Each structure stands twice: as C-alpha cells, then as structure tokens.
Amino acid sequence: MDEDKKKTFMIVIVIVCLVVAGMVLKSTFAPSKPKGAKKPVWLVCTNTGCNAQYSLKQKEFREQMKDDMAGRGMPMGPAVLKCQECGKASAVIGKKCINEQCGSVFVPNYQQGGFPDKCPMCGISAIEQKQLENSK
Ligand SMILES: [Zn+2]
Ligand SMILES: [Zn+2]
C-alpha cells in the first residue's frame with residue numbers, strides 16, 4: 001500500500017469511527033420520554049356514603065402521600081390517602097376503566113382470581129385485552 005492510499009484509508013476509518021460514536025452518543029443521550037409520567041392517579045374513597053372518585057396529578061399525589069404518611073408515621077401497608085371529599089383517610093388508588101364509554105373508577109381486586117383490573121361495571125380488563133391480542 002503506498003502512502004497516499006494509506007492516508008485515505010486512515011481518513012475513512014476515522015470518519016467511520018466518528019459516525020459510529022455520534023450514533024452511540026445520540027442514542028445514549030437522546031431524551032427518553034418517561035412512560036406514564038403524565039397519567040393522573042385515580043383515587044376511590046372506600047368510605048361508605050362518600051365513594052368519591054377523583055384524580056390527582058402524579059406530583060400532587062406524591063405530595064399528598066408524603067404528608068399523609070408523615071402524619072401516620074407508618075410507611076408500610078397499602079397507600080391510603082385522605083379523601084378530598086370527606087376528609088377521612090379512606091381513599092385508595094383506583095383504576096380508571098379503559099372503556100371510554102364506561103369511564104368508571106374502581107379498586108383493583110388482587111385477592112380474587114382472574115384479572116385484577118377487570119371493570120366491575122362493564123367487565124373490560126386491560127390485561128385480558130392484551131392477552132387476547134397476544135394470543136391472536
Ligand atoms: Zn370520601
Ligand atoms: Zn368499565
């Protein structure tokens with residue numbers, strides 16, 4: 001290989017390296033959108049006679065959680081927040097039905113078998129839907 005060809009070859013190698021490095025950097029530092037960060041947290045009051053359903057922004061939820069947990073001094077156990085409506089510590093994290101026509105908010109049932117996110121109003125479950133789609 002003569003000198004000129006060797007030089008061209010080196011330049012090509014350097015350019016390829018730069019391009020690869022650039023691609024790696026780009027993919028590493030590309031801002032990845034946090035999933036579900038904008039989703040509101042749904043709360044359902046378990047206090048009979050109140051049954052309030054409302055949503056909080058993630059940030060509001062975290063702040064209220066912090067306040068409520070600090071007051072009780074018991075960080076363990078299921079998250080129970082002070083209800084916005086009745087003021088009792090009886091609001092638990094609920095799930096909004098994926099069925100837009102239904103739109104009810106319910107408490108996921110993890111005790112019973114089947115799908116914990118099955119809507120008691122219309123019977124639609126996001127997990128079930130996904131499984132059905134995957135089995136197609
Ligand atoms: Zn309430
Ligand atoms: Zn529903």
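I began with strand 1. Val41, Leu43 and Cys45 point one way from strand 1, while Trp42 and Val44 point the other way. All of them are buried. I note here that the model is a predicted one.

**Entry: cover on strand 1.** I checked how well the strand is covered. Strand 1 is mostly covered, with five of its five residues buried.

**Entry: overall layout.** I listed the elements next. The protein has three helices and six strands. Read from the N terminus, the order is α-β-β-α-β-β-β-β-α. I also looked at contacts between residues at least 6 apart in sequence. Of these, 38% join residues at least 24 apart.

**Entry: strand partners.** Which strands pair with strand 1? I found strand 2, joined to strand 1 by four bridges and running antiparallel to it. I also found strand 4, residues 89-93, which pairs with strand 1 over three bridges, again in the antiparallel sense. I picked one residue pair from each pairing. Leucine 43 stands opposite tyrosine 54 in strand 2. Cysteine 45 has alanine 91 in strand 4 as its bridge partner.

**Entry: the core.** I then asked which residues make up the largest nonpolar core. I counted eight: Val41, Trp42, Leu43, Val44, Cys45, Leu81, Cys83 and Ala91. Strand 1, residues 41-45, gives the largest share of this core, with five residues. Cys45 and Ala91 are both on the core list, and they are the bridge partners I noted above.

**Entry: valine 44.** I listed its contacts, leaving out residues up to four places away in sequence. Valine 44 touches Gln53, Ala91, Val92, Gly94, Val105, Phe106 and Val107.

**Entry: threonine 46.** I moved on to threonine 46. Threonine 46 sits in the loop between strand 1 and strand 2, the latter being residues 53-56. Why is threonine 46 classed as partly exposed? I found 17 other C-beta atoms within 10 Å of threonine 46. A buried residue needs 20 or more and an exposed one has 12 or fewer, so a count of 17 falls in between.

I looked up its contacts too. Leaving out residues up to four places away in sequence, threonine 46 touches Ser90 and Val92. Val92 is also among the contacts of valine 44. Last, I checked a distance. The C-alpha atoms of threonine 46 and lysine 88 are 9.6 Å apart, and these two residues are separated by 42 residues along the chain.

Notes
Residues numbered from 1 in each chain as written. Chains lettered and ligands numbered in written order. Predicted model: local features only at pLDDT ≥ 70, side-chain atom pairs only at ≥ 80, totals over all residues. Core = buried A, V, L, I, M, F, W, Y, C linked by C-beta atoms within 7 Å. Helix = DSSP H or I, 4+ residues; strand = E, 2+ residues; numbered from the N terminus. Contact = placed C-beta atoms within 7 Å. Pairing = 2+ DSSP bridges.
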